[in-house]
4 protein chains.
Amino acid sequence: MASPYILTISCPDRIGIVATVSTFLAVQRCNILDSAQFGDRESKRFFLRIHFEMPDDGPGRPELERLFAGVAATFDMEWQLIDAGSTARILVLVSRFGHCLNDIMFRCETGALNATIPAIVSNHQDFQRIAEMHDIPFHYLPISKENKAEQEGRIARIIEEQSIDLVVLARYMQILSPEFCARFKGRVINIHHSFLPSFKGASPYHQAFARGVKLIGATAHYVTENLDEGPIIEQEVARVDHSHMPDDLVAVGRDVECLALARAVRFHIEHRVLLNGSKTVVFR
Amino acid sequence: MASPYILTISCPDRIGIVATVSTFLAVQRCNILDSAQFGDRESKRFFLRIHFEMPDDGPGRPELERLFAGVAATFDMEWQLIDAGSTARILVLVSRFGHCLNDIMFRCETGALNATIPAIVSNHQDFQRIAEMHDIPFHYLPISKENKAEQEGRIARIIEEQSIDLVVLARYMQILSPEFCARFKGRVINIHHSFLPSFKGASPYHQAFARGVKLIGATAHYVTENLDEGPIIEQEVARVDHSHMPDDLVAVGRDVECLALARAVRFHIEHRVLLNGSKTVVFR
Amino acid sequence: MASPYILTISCPDRIGIVATVSTFLAVQRCNILDSAQFGDRESKRFFLRIHFEMPDDGPGRPELERLFAGVAATFDMEWQLIDAGSTARILVLVSRFGHCLNDIMFRCETGALNATIPAIVSNHQDFQRIAEMHDIPFHYLPISKENKAEQEGRIARIIEEQSIDLVVLARYMQILSPEFCARFKGRVINIHHSFLPSFKGASPYHQAFARGVKLIGATAHYVTENLDEGPIIEQEVARVDHSHMPDDLVAVGRDVECLALARAVRFHIEHRVLLNGSKTVVFR
Amino acid sequence: MASPYILTISCPDRIGIVATVSTFLAVQRCNILDSAQFGDRESKRFFLRIHFEMPDDGPGRPELERLFAGVAATFDMEWQLIDAGSTARILVLVSRFGHCLNDIMFRCETGALNATIPAIVSNHQDFQRIAEMHDIPFHYLPISKENKAEQEGRIARIIEEQSIDLVVLARYMQILSPEFCARFKGRVINIHHSFLPSFKGASPYHQAFARGVKLIGATAHYVTENLDEGPIIEQEVARVDHSHMPDDLVAVGRDVECLALARAVRFHIEHRVLLNGSKTVVFR
């Protein structure tokens, strides 16, 4: 019998990384199920994700981590060892458009996403009843100029108390403070309803309508303090034409947003996304 | 026996346009093969394209035009009657990337595009031999700061002398003067190698690489004096990932450019594109 | 003030149809908002869909129908006049996979589909609670060899009593009898989880896995007595690769099924689908 | 200074393969540029492709092969070591449709495909002049019931004499004998103009038209003695609708065929395709 783990590594590129890591795992009688790597010729960094099984009479996770720390130090690695059997804990933030929330909730319930939603936060009460129907605690945290810091403080507390792995802004129409963005860097995914970098900011579908584009898009990205500038994880588009009024673009866009966000969330919780400066490496 | 025609109309929207035009055609014993229309709620303009057959013992084209002019005046129509059996005449302008040129030449030769290429113009000599292989006159018109106006003058003369219907900028790396753009408005199509309005200007693939996008695109648009701002006719995208270096994006982009441009050219020569301010109506 | 209607027509092709219908509408002071047509050169039939507004001081619907009946008889038309402001009534049949059900319910609730679901029927109890959460009556109608006719009779009664416009088989894993199919011809849409005509019958994802295809698909079609042979309304595909095990194909397929089915349902309830023998005309 | 190589491996799956191979390469001072692997849980086989650089003062290719043969024997590996700097030699077979031929020739000439075409074979003379324009020897080998074996013999001789790496059936409308298929197994790619397994055999676009599908496709696959049943390498689709007559499907299909075939050819000559029984592993 064996248990699955995921090891992710980011380090300066040089000869022997794969040999060292794969030999280390073989010596510990771990069997590689799946592995992907990328050497960035530009940044000279190397990225590795290994999905492997450790036998139940193997060293065990703490010992494996202790042993690997030595290897990691040699290569100046940033690394993470994750129990692949664990279920990710997602906090969803939403305002008044519920399609992405509904989509994620359903995927969690059917197992399409290996995740649970311990809490939903909203600055509006629209989805309180839906949250209750799904037995998910709903935190109504209205926001004003005065209470912004306090409101974010309460969100941060939920993140800590609920051991949240990932915060999803499922059409959350509030800008997070630079402090919040920095504190939870690489753990907050936003869905922007345009094909970035086109149509940053507000009302992208109206901007798209005004420009007369023939495809509309959506972009899932990590949140940084620079609005709509964070590392892109996933993008999707759909064809439109001259007959689509702004409302029609919004309707078409809903499906595109749900798909792009759902894929980005899955990539993140399966630890397929590694940060590479202002970009991402995504091992599909 | 009958001959096919296309009638395109753009006019202020009001009740009775379709009734009037279709009754006019029926009275002249013309049979509608295909028809498409669009009423723009924003600009309050109405757009109509009718593909019909006139019997060979019917009024004939000059008489049909004379008769229709009366109808058109009543509705304040901009209109065009085109012999659908005629072959479009395309002038291709190219610099040093030949994939779009090759693609269009091949489509013309196989009949995928109902068009001929009476001339190719280039500011470089790279494709002289290929033009000769295809028996197409090749005009080598190098360009410098001093001779820009003269060079454009020679292009304009080719357009007039060769009765060119459409000028295609098949990766022509020169900016046309406002005068040239105005003179041939709605008759010059450019392929921009990005998903506009993202990555305007030079080196869009390098911009896309720097931003870390997950899809790259191409945009075929009418040329106006505002670079990369002209009415969009067609767009296409392709998926890329972190492993694509700028050169790889260029390679993937070639296919996307060819497809977007070929479709835009076909839409234009089949008179499926009507200008609607800074946007297009495209009846696919 | 005016009210919107949709007129759909299918008849033998001949000169003057559009002229007659559009003149008829103009005389009744009806304004055409949108119109689409298709003349099938093979079957020699003509298909027309007109979206128009009738002024509130116009003839009214019954009188318009009475007047148009005369026109229709002349051209041997099959036709339908629909109040475009009305909300479609959908009966959903489901077995044990709920993703399409959830998707349709959500689209109805948000108005993405202009429809309500007056009832859900299932041969299993899995989605009873979800139906209750959405305040939709749930009919648990288990099925066996013995009670098949009776069970279908109860479904038919629900269709009649609830004035159902459209029956959606949202992964309903039962074969309907030829009598049921004939009785509700053109009003029952099924989603088949393959790119028909590939992989008819059971376990299409396992068939797709065995064949090693690089794209998987889903097909929404009208139900006929010949399983998986009904007129196709919409198809969608998604890319997969060698690493996708059958379960992965099922997961990818869910999104594809939801999208293809949702579009087909929208096309149907917006009266964009006209039957053309064993095929469909879909005015997008 | 260093030279690039590609090592492909297929063997029974077990612990330690990656460790052994990557350690072997590190010991020989070879630097891994790119690596991809797949363990098939069904067939219990393991597939590996490693793109690496060997330093110019390293062991050299013959010595590396000699050394690796020992490793390979231990793991019962099928393997190949390829000089990644070499240019693939492609023989194109074509009948009367030239779009795929033109597409491949252009990609070879621009370097989009790292390949040359030392010969074109056809059972028709249509493309003789085009071949001459590109300075490619053209072999006109007409075929009849009587001379089929002899004609294939001449093709086989060209393959041997020209050291052909890959034979591409670019719409070659002849069925190859089982003997020929067996002799060049895994080295002959065909483009079938449908989304296999739909519409096998002749006239797939007419079959697609008759069935009323909403997407048409193309499939690039290795040729086996069972027509249209060979391992699929790549598939592509395009959207069509009710207005597409068979000729329109053919026209749309041309682009789809070119794209699917070009990608399959690139994957093959970059040694990204490994055979896995009746399926393929494609490391994109």
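In the predicted model, the cover over the buried residues (under 20% relative accessible area with a 1.4 Å probe, protein chains only) of α7(C) includes β9 (188-192), β10 (215-222) and α8 (246-269) of chain C, together with β11 (232-239) and β13 (279-282) of chain D; contact denotes heavy atoms within 4.5 Å. Helices (H or I, at least four residues) and strands (E, at least two) are DSSP runs numbered from the N terminus. Helix α7 of chain C spans residues 204-211, and its buried residues are Pro204(C), Tyr205(C), Ala208(C), Phe209(C) and Arg211(C). Just after α7(C), a positive phi of about 75° is found at Gly212(C).

Local features require pLDDT of at least 70, side-chain atom pairs count only at pLDDT 80 or more, and totals for chains, interfaces and linings use all residues. Side-chain values use heavy atoms, without hydrogens and water.

Between chains A and C, 13 residues of chain A are in contact with 13 residues of chain C. Because 100% of the interface residues of chain A are also interface residues in chain C, the copies meet through the same surface. Four salt bridges (a side-chain nitrogen of Lys or Arg within 4 Å of a carboxyl oxygen of Asp or Glu) cross this interface. Arg107(A) forms a salt bridge with Asp255(C), with the closest N and O atoms 2.7 Å apart.

Terms used: Residues numbered from 1 in each chain as written. Chains lettered and ligands numbered in written order. Buried < 20%, exposed > 50% of the residue type's maximum accessible area, 1.4 Å probe, protein only.
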